[in-house]
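User: I am new to this structure and would like to go through it slowly, asking how each description is reached.

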Amino acid sequence: MKSFHFNRSARIIKRNEFVYLSNKGQKLKNEHFIAAVGPGRSNITRLGITVTKKIGCAATRNRIKRFTREYFRLNRHRIQGNWDINIIARQKASAISSKIAFSSLEKLFDDLAKESNYKEYIIDFY
RNA sequence: GGAGCAGGCCAUACGAUCGUCGGGUCAUUUAAGUGAUCCGGAGGAAAGUCCGAACACCAUAGAGCAGGGUGCUCCAUAACGUGGAGUCGCGGCAACGCGAAGGAAAGUGCAACAGAAAGUAUACCGCCGGCAGGAUUGGGCAGGCUUGAUGCCUGUCUGUUUUGCCGGUAAGGGUGAAACGGUGCGGUAAGAGCGCACCAGUUUUUCGGGUGACCGGAAAAGCUUUGUAAACCCCACCUGGUGCAAGACCAAAUAGGGAAAUGUUUGAGGGCUGCUCGUCCGAGUUUCCGGGUAGGUCGCAAGAGGUAACGGGCAACUGUUACCCAGAGAUGAAUGAUCGUAGUCCGGUUCAGAGUAAUCCGGACCGGAAACAGAAUUCGGCUUACGGACUGCUCCGGCC
RNA sequence: GUCCCCAUCGUCUAGCCCGGUCCAGGACACCGGCCUUUCACGCCGGCAACAGGGGUUCGAAUCCCCUUGGGGACG
């Protein structure tokens, strides 16, 4: 039985951590999103979402955040190990629908899963 | 059927699964936390931050000036720049809508270009009079010359015309957004509210209605006054400042540093408002160099609430009684996703009906979707964005 | 969140307070011509803007209101 819980402890909260990820994390791009990934500081994989004001009004930004959070909640188990992931929305995601968002995030998570598994292997190896 | 006006109303509903934030209870745990369960979890605009208040701090929130705001009247309200009812003006055929709507007869400023002249008088053209000069193949008179006569010359009077000067006028004048009441008659040298009649307006007095803005009427004064105050300003009224990042408490960390200037009752400096006064605190304060922390708790969710009846009021609103609710409280920031059913809207296809037709209405099927938009101390408004259905009303067209 | 400020040619700006002289001036850039063997410099000419809407006024870049966009301060 997989767990689909997602509460506050699985989120990136502090500003330092966001800055660290945007400076030093590895970045994966997509049409709608950017994922900045770095090794996790806590013992679980955590998610942070960045949606700037340029993307739209408050309702639009909240919608994007909810889509992203929902997808992460349901697909977290695909990523091995402890990582900090920051999903940054790009400007094309402003008028996105839920289905397109989910398919777009799926592609991104496919890449993420490959990368994470590979890195996990290397870390184990050493 | 079309076009339009006004008003309040709704903001998909229900079920299942997986989640999320707050609170209560239980379990576990030293505690933080974790898990289970129950309850609650966005809007009409939550938005813009344009007003008003509550609340907190600044002295208890002080005085004067400055500054800012409002601006027809009465009422409502905790308050308002808001609302209601009216007045006046403007727009619309109408339903109805809009109006920063006090004062230009307190003062100052401005009115480009054009035009004679732009606000108080002036006089460029024009019209008229007087004086002086010129012209005159208009007319009269006198004198002279000459002749047969007509005639010619000079002077003078009058007329016409013209030039200059002085004066009178404001009827008329390419302009301009705007030109000093309008029309007619009289009057005059020419003209003019110069006089008169009617009309329009203003001021003063007065009568009636209205709480009032104002409305209706009468009389008098020839009084005719340009526009602009969303230009300065005057008048009336309101207004202390800062905003929950207000503010209160707890904890952590480093340092109780160095240099310069100034000051200690003859008072530095600071707070209260921009200035002055007044008042309070008062032994440190300011600048530079160097270093450190930026976490948590409270504020923070229970009434200027809603509905109904009765009473007051045209209404906004308000008094009493009864009932209904206890109704979000996050802080990298919760209220979501998927599926199903029903319903609404939009688009397409098809069938039937009305009609010459455009088109309209109804049924079925398929596809799509909800428009604007997300609490951040809390309320009352305003403004802006936007989907839908309903009710009432107005105008136009057609048929009976 | 609370409170402020700004918007003018492609870019940087003047004009705004106190309305008309402004179909908005200047510099750089761009285009064309002259000069030069050619390029540059220089000279001449041209193109090009008042964020959007409404109001006040005879008249608005300027005054007032609303909206849009951008920027800043505050623990």
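User: Which atom of A59 is 3.2 Å from a phosphate oxygen of RNA strand B?

Analyst: In this predicted model, a polar backbone atom of A59 lies 3.2 Å from a phosphate oxygen of RNA strand B. Since a polar contact asks for N or O atoms within 3.5 Å, the 3.2 Å at A59 meets that limit.

User: Which elements give two or more residues to the surface near RNA strand B, and which gives the largest share?

Analyst: Those elements are helix 1 (15-24), strand 3 (46-50), helix 2 (58-75) and helix 3 (98-125). The largest share comes from helix 2, with 8 residues. Sorted by class, the surface near RNA strand B holds 11 nonpolar, 5 polar and 7 charged residues.

User: Why is D84 called buried?

Analyst: The relative accessible area of D84 is 3%, and buried means under 20%, so D84 is counted as buried. D84 sits in strand 4 (residues 83-89), and its side chain is joined to that of R46 by a polar contact of 3.1 Å, a value that falls within the 3.5 Å limit.

User: Why is S94 described as partly exposed?

Analyst: S94 has a relative accessible area of 27%; because buried requires under 20% and exposed requires over 50%, the value for S94 falls in between and the residue is partly exposed. S94 is placed in the loop between strand 4 and helix 3, and, leaving aside residues up to four places away in sequence, it touches I55, T60 and R63. The C-alpha atoms of S94 and R61 are 7.9 Å apart, although 33 residues separate the two along the chain.

User: How many aromatic pairs are found, and why is the pair of F67 and F102 called edge-to-face?

Analyst: The search of the whole structure finds 4 aromatic pairs. The ring centres of F67 and F102 are 6.0 Å apart, and their planes stand at 75 degrees; pairing needs centres within 6.5 Å and edge-to-face needs planes over 60 degrees apart, so this pair is edge-to-face. Because F67 lies in helix 2 and F102 in helix 3, the pair ties together parts that are 35 residues apart in sequence.

User: How do you know whether F72 and F109 are buried or exposed, and what links them?

Analyst: F72 has 0% relative accessibility and F109 has a relative accessible area of 2%; with the cut-off for buried set at under 20%, both residues count as buried. F72 and F109 form an edge-to-face aromatic pair, 6.4 Å centre to centre with 65 degrees between the planes, and the pair links helix 2 with helix 3 across 37 residues. Ring pairs also join F67, Y71, F72, F102 and F109 into a cluster.

How values were computed: Residues numbered from 1 in each chain as written. Chains lettered and ligands numbered in written order. Predicted model: local features only at pLDDT ≥ 70, side-chain atom pairs only at ≥ 80, totals over all residues. Heavy atoms only, no water. Polar contact = N/O pair within 3.5 Å; in protein donor to acceptor, adjacent residues only side chain to side chain. Helix = DSSP H or I, 4+ residues; strand = E, 2+ residues; numbered from the N terminus. Nonpolar A, V, L, I, M, F, W, Y, C, P; charged D, E, K, R; others polar. Buried < 20%, exposed > 50% of the residue type's maximum accessible area, 1.4 Å probe, protein only. Contact = heavy atoms within 4.5 Å. Phe/Tyr/Trp six-rings, centres within 6.5 Å; stacked < 30°, edge-to-face > 60°.
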